Amino acid sequence: MPEGASMTVAGRRVLVTGAAGRIGNVTTAHLAERGALVTALCQPGQSVDGADRVVHGDTRSEDDVAQALADVELVVHLAALAHRDAGTPYAVYTTNVVSTFNVLVQAAQRGVRCAVVAGSINRYGLPQGVDQDARPPYMPLDTDIPSDVSDWYSLSKLNDENTSRMVWRRWGTDVVTLRFPHVNSAEGLEAQSAQFTRNPRLGLTEAWSYLDVRDAARAIRLGLESGARGANAFYLAAPTTNIPYRTEEVLDALAPDVPRRERFVEREVPIDLGDAERLIGFHAEHEMQLETRDLPAGLR
Ligand SMILES: NC(=O)c1ccc[n+]([C@@H]2O[C@H](COP(=O)([O-])OP(=O)(O)OC[C@H]3O[C@@H](n4cnc5c(N)ncnc54)[C@H](O)[C@@H]3O)[C@@H](O)[C@H]2O)c1
């Protein structure tokens, strides 16, 4: 069971930043279906279904964010340059850390009690890092996994977790940071699955994890409704991997030296999902239907 007193989003005004993006679009519609009044903060020219108020602006701007926060009780902060290569290192890092600082600090100063922030599996540094042969220090990836960051996107997501903690320490605003794995529509997930099935090495540092965008939207709502106290950051994912091979077999072949802290059953994802369950009551509802098969000899 999640800790703290729970409530629902129905009838509450929620600011969603990055509302026109992949996760933001589905989240805005999901929150509106649950009765939330959504203020969508989008970039000029963007549109989103389900919002009853749309503010066009920039999450780095103090004025735009102040305008978007009018009457807001809860915040979902998704706006970011969502990949290392989505801009120059300067643009990616500064957009992400300034936006998160600006949104969370102004929200807290205005009395917002709870925010959910899009973190990333990348906060531990390896998936978009400089060393293609890097291996996780242990499996499963868990809340406490050490970071070894060598790119500016991962650094921005790691720093965002510090910003969230600062905001909670100073103003007492509860912040849930969801360290998303690859999030996509069912079709988008299938494309990545096909690529990793051909070459499982490509998905090792992401632990072959994924999350359907509908589950991401639901996790965001659960984060708002959980009553989880403090600044919490944790992994979440579908319970199985996006490759058809048994997890133990693929780890034996590709990462035999990585210590395993548990034995994985069939295609169990090597990510600790315990905090997602304990803190916000999250379990994924959408899983890829892959038939388990032996790892081909050529991939061992
Ligand atoms: N999709 C994934 O696989 C994934 C995985 C891990 C983390 N995340 C994180 O989840 C969040 C949402 O990701 P997404 O996949 O929906 O990405 P996306 O690129 O589809 O959406 C991001 C949105 O943020 C907006 N944005 C960017 N800079 C802005 C600015 N300065 N002012 C206002 N809006 C701005 C963009 O216009 C876009 O609509 C991001 O923080 C991303 O880092 C995504």
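**Burial, strand pairing and salt bridges**

Me: What makes strand β5 (residues 114-120) count as mostly covered?

Reply: Seven of its seven residues are buried. Buried means under 20% relative accessible area, exposed means over 50%, and partly exposed is in between (1.4 Å probe, protein chains only). Cys114, Val116, Ala118 and Ser120 are buried on one side, and Ala115, Val117 and Gly119 on the other, so both faces are covered. Strands here are DSSP runs (E, at least two residues), as are helices (H or I, at least four), numbered from the N terminus.

Me: What should I keep in mind about where this comes from?

Reply: This is a predicted model, in which local features need pLDDT of at least 70 and side-chain atom pairs count only at pLDDT 80 or more, while totals for chains, interfaces and linings use all residues. Residues are numbered from 1 along each chain as its sequence is written, and side-chain values use heavy atoms, with hydrogens and water left out.

Me: Why are β4 and β5 called a pair?

Reply: Two strands pair if DSSP finds at least two bridges between them. Strand β4 (residues 74-77) and β5 have four, in the parallel sense, so they qualify. Leucine 74 stands opposite cysteine 114 there.

Me: And what about β5 and β6?

Reply: Seven bridges join β5 to strand β6 (residues 174-180), and the two run parallel. With at least two needed, they pair as well. In β6, cysteine 114 has aspartate 174 as its bridge partner.

Me: How do you know whether valine 167 is buried or exposed?

Reply: Its relative accessibility is 0%, which is under 20%, so valine 167 counts as buried. Valine 167 sits in helix α4. Leaving aside neighbours within four places in sequence, valine 167 is in contact (heavy atoms within 4.5 Å) with Leu104, Val105, Ala108, Gly172 and Thr173.

Me: What makes a group of residues a nonpolar core?

Reply: The members are buried Ala, Val, Leu, Ile, Met, Phe, Trp, Tyr and Cys residues joined through side-chain atoms within 4.5 Å. The largest one here has 41 residues, of which Leu31, Leu178, Phe180, Leu224, Ile280 and Phe282 touch the most other members. Helix α6 (residues 213-225) gives the most to this core, six residues. Apart from it lies another core, of 24 residues, among them Leu141, Phe196, Ala207 and Leu254. In soluble globular proteins, nonpolar side chains tend to be buried together.

Me: Why is the link between aspartate 52 and arginine 13 called a salt bridge?

Reply: The term asks for a side-chain nitrogen of Lys or Arg within 4 Å of a carboxyl oxygen of Asp or Glu. The closest N and O atoms of aspartate 52 and arginine 13 are 3.0 Å apart, so the pair passes. It links distant parts of the chain, 39 residues apart: aspartate 52 is in the loop between β2 (37-42) and β3 (53-56), and arginine 13 is in strand β1 (residues 13-17). Arginine 13, at 14%, is buried, whereas aspartate 52, at 48%, is partly exposed.

Me: How do you know that arginine 263 and glutamate 248 qualify?

Reply: Their closest N and O atoms are 3.5 Å apart, which is within 4 Å, so this is a salt bridge. Arginine 263 lies in the loop between α7 (247-254) and α8 (274-280), and glutamate 248 in helix α7, 15 residues apart. Arginine 263 is exposed at 65%, while glutamate 248 is buried at 10%. The whole structure has 19 salt bridges, and Arg246, Glu249, Glu266 and Asp294 are linked in a network of them.
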